[in-house]
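Hi there,

Here is the structure I promised to pass on to you. Have a look at it first, and then read on for what turned up when I went through it.

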Amino acid sequence: MLDPPLPDQFVERMRRLLGAEADAFLASYGRPAERSARANTGKVSARDLAALLGVDLEPVPWCEDASFLPEGVRVGATAAHAAGLFYIQDPSALAVVEALDVRPGHRVLDLAAAPGGKTTHIASKLGTSGVVVANEVDSGRLQALADNLDRWGSWRVAIAGETVERLARRLPGAFDRVLLDAPCSGEGLFRRSGAARVQWQPGHVRGSAERQRELLGQAARLVRPGGVLVYSTCTFAPEENERQVAAFLGAHGGWELLEIPWRPGFSPGRPDWSPGGPAELARTVRLWPHLLRGEGHFVAKLGRRDGGAAPGPDGRDRPGRRDPSRAGGRRPRQPGGVLAAWEAFSADALTRRPAPSSTPTGARAGARVVGDRAYLVPHELIVPGDLRWLRPGLLLGRSRPGRFEPAHALAMASTPSTVRRRRRLATGEASAWLRGEPLQAGPSEGWTLVTTGDWPLGWGRAVGGILKNHYPKGLRAHGSPSEEERRSGS
Ligand code: SAM
């Protein structure tokens, strides 16, 4: 028996919808929530990750890079997690990016991105070309998003803090793939969160559905002709799922529901729960906690037909390459000085300097200055200067009086072969490093990449025989493993 219990009105509605199947559905709440570890394939394979974590490889059938985590195994506070080798995720959530069909070179927009589970998945699919813009309107959630993306160490990520409406106005038709992992009534969280069960009210479904209708209409404007929009929720209510998609198709010509490749455990969406809706609603996917190892999810893949002109910008707002150095609204302060500091740092600390035509990974990109910070902007990224950018590319670091301080993001995107100095931590040193403790240094001085195995954990600075610890204070290990996992749980 769950304590606190499932909300009565939720149980009544699910009994009404599911009929004879409801008992099996409700019985699933007597089992623990499922979790998986998705490998950061730019750094490690799923097989090697399972070996590293000491768990059996039990692949998630709909995502070959992820493995189920056995109950009770806590891996959120490990050095492997801090090194960005994996993301802990509800297995059902993995179906969303798999449906998005991201290919290298794509320009992708993740509209509701925090804390970043799906953005990191998209970044892995991009590999070394293309870009994903992770957008999050709630400024209180941006830091967790940035922390998770830093950990991932992809060069192909930018972070914006915009409303969907403004993005749609400024960047119409600009993306090959758009994901709206919509804010919803969260019924799929009931097994893992007592708070979700307590806070739920029937009115949340209505409120969420209204907001989703608005967001979905705006999201559609951002997709190029021939592009794909994936709409997903972690709730069961038909108003937020099949009926939402039916209303969208009814109001937007030139769109069709696309098939999602079928995987064991998937169930078709329910046209019968959306009176008057098209039979194609069966192409959407439902993930049910009693029919697979995962929580409740809904995924719809919408295709924008090719041939139509991209929706025009509204006259005032033209998409395009404005001066990215104005991104975020801040005027550059002596951009030449910041670039000179960056170049002095990279000449001293890196074996290869990221430049417009080559990054340490060989991808094309250009360095840009915003305020006192330097970024590496993937060439695929359109950066209108008047949007709120938290990061218009990978943060390289910041110019301080007399020196350049490299960013944690740069360390995590580096490899031992792209730096001049590297300190490989000995067994037992990693936990001290993640607590922020200094180590003894060798004779060579300066910025040093600290690694566990060959995987970066951050920067240290060797001065006078001491390796000063520059692991970000906000990430240092003082929380419990479960807190770490909570931060990356979606
Ligand atoms: N995609 C995320 C992941 O995989 O880690 C989870 C996203 S969560 C389901 C929904 C997100 O929508 C939240 O981060 C929330 O802040 C955001 N959100 C809430 N209201 C919004 C709105 N009006 N417009 C855009 N995003 C909104």
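**What turned up**

Glu380 is found in the loop that runs between strand 15 (373–378) and strand 16 (389–391). Is Glu380 buried or exposed? With a relative accessible area of 11%, Glu380 falls under the 20% cut-off, so it counts as buried. Its C-alpha atom is separated by 8.4 Å from that of Ser129, although Glu380 and Ser129 are 251 residues apart along the chain.

Please keep in mind that this is a predicted model.

Pro443 has its place in the loop between strand 20 (439–440) and strand 21 (446–452). The relative accessible area of Pro443 is 83%, which is over the 50% cut-off and therefore makes it exposed.

**The overall picture**

The protein has 490 residues, and 56% of them count as buried. It holds 15 helices and 23 strands. Among contacts with a separation of 6 or more, 72% are between residues 24 or more positions apart.

In soluble globular proteins, nonpolar side chains tend to be buried together. Here the largest nonpolar core has 65 residues, and Leu229 and Leu396 are the ones that touch the most other members. Which element gives the largest share of this core? That is helix 12 (residues 335–349), with five residues. Apart from this core there is another one, of 37 residues, which includes Cys63, Val132, Ile260 and Val285.

If you want to look around Leu229, leave out residues up to four places away in sequence; Leu229 then touches Val178, Leu180, Leu216, Ala219, Ala220, Val223, Phe248, Trp255, Ala300, Lys301 and Leu302.

**Aromatic rings**

How many aromatic pairs does the structure hold? There are 19. In one of them, the ring centres of Trp62 and Phe266 are 5.9 Å apart and the planes are at 50°, so this pair is tilted. Trp62 belongs to the loop between strand 2 (59–60) and strand 3 (63–68), and Phe266 to the loop between strand 10 (255–257) and strand 11 (267–268), so the pair ties together parts that are 204 residues apart in sequence. Trp62 and Phe266 are both buried.

Tyr87 and Trp152 make an edge-to-face pair, with 6.3 Å from centre to centre and 70° between the planes. This pair also links distant parts of the chain, 65 residues apart: Tyr87 is in strand 4 (residues 86–89) and Trp152 in helix 7 (residues 142–152). Tyr87 and Trp152 are buried as well.

There is also a cluster to colour in your viewer: ring pairs link Phe10, Phe25, Tyr29, Phe190, Trp200, Phe236, Trp273 and Trp288. Elsewhere, Arg293 places its charged end over the ring of Phe68, at 4.0 Å from the ring centre.

Helix 7, which holds Trp152, is mostly covered, with nine of its eleven residues buried. The buried ones are Leu142, Leu145, Ala146, Asp147, Asn148, Leu149, Asp150, Arg151 and Trp152. Just after helix 7 comes Gly153, with a positive phi of about 75°.

Helix 6 (residues 117–126) is mostly covered too: nine of its ten residues are buried. The buried residues of helix 6 include Lys118, Thr119, Thr120 and His121. Gly127 follows helix 6 and has a positive phi, near 70°.

**Cavities**

Rolling a probe the size of a water molecule over the atoms shows where empty space is left. Searching the whole structure gives two cavities of 30 Å³ or more, and the largest cavity holds about 70 Å³ of space. Which residues line the largest cavity? They are Leu149, Asp150, Ser154, Val157, Ala158, Ile159, Arg391, Gly393, Leu394, Leu395 and Ala409. Helix 7, strand 7 (157–160) and strand 17 (394–400) are the elements that give two or more residues to this lining. Strand 7 provides the largest share of it, three residues. Two of the lining residues, Leu149 and Asp150, are also among the buried residues of helix 7.

Notes
Residues are numbered from 1 along each chain as its sequence is written. This is a predicted model: local features need pLDDT of at least 70, side-chain atom pairs count only at pLDDT 80 or more; totals for chains, interfaces and linings use all residues. Side-chain values use heavy atoms; hydrogens and water are left out. A nonpolar core is a set of buried Ala, Val, Leu, Ile, Met, Phe, Trp, Tyr and Cys residues joined through side-chain atoms within 4.5 Å. Buried means under 20% relative accessible area, exposed over 50%, partly exposed in between (1.4 Å probe, protein chains only). Helices (H or I, at least four residues) and strands (E, at least two) are DSSP runs, numbered from the N terminus. Contact means heavy atoms within 4.5 Å. Rings of Phe, Tyr and Trp (its six-membered ring) pair if their centres lie within 6.5 Å; planes under 30 degrees apart count as stacked, over 60 as edge-to-face and the rest as tilted. A charge sits over a ring if NZ of Lys or CZ of Arg is within 6 Å of the ring centre and within 35 degrees of the ring normal. On a 1 Å grid over the protein atoms alone, a cavity is a set of points where a 1.4 Å probe fits but cannot get out, and a pocket is an open set with protein on both sides within 12 Å along at least five of seven lines; lining residues have an atom within 4 Å of a point. Grid points are joined across faces, edges and corners, and a volume is the space filled by probe spheres set on the points.
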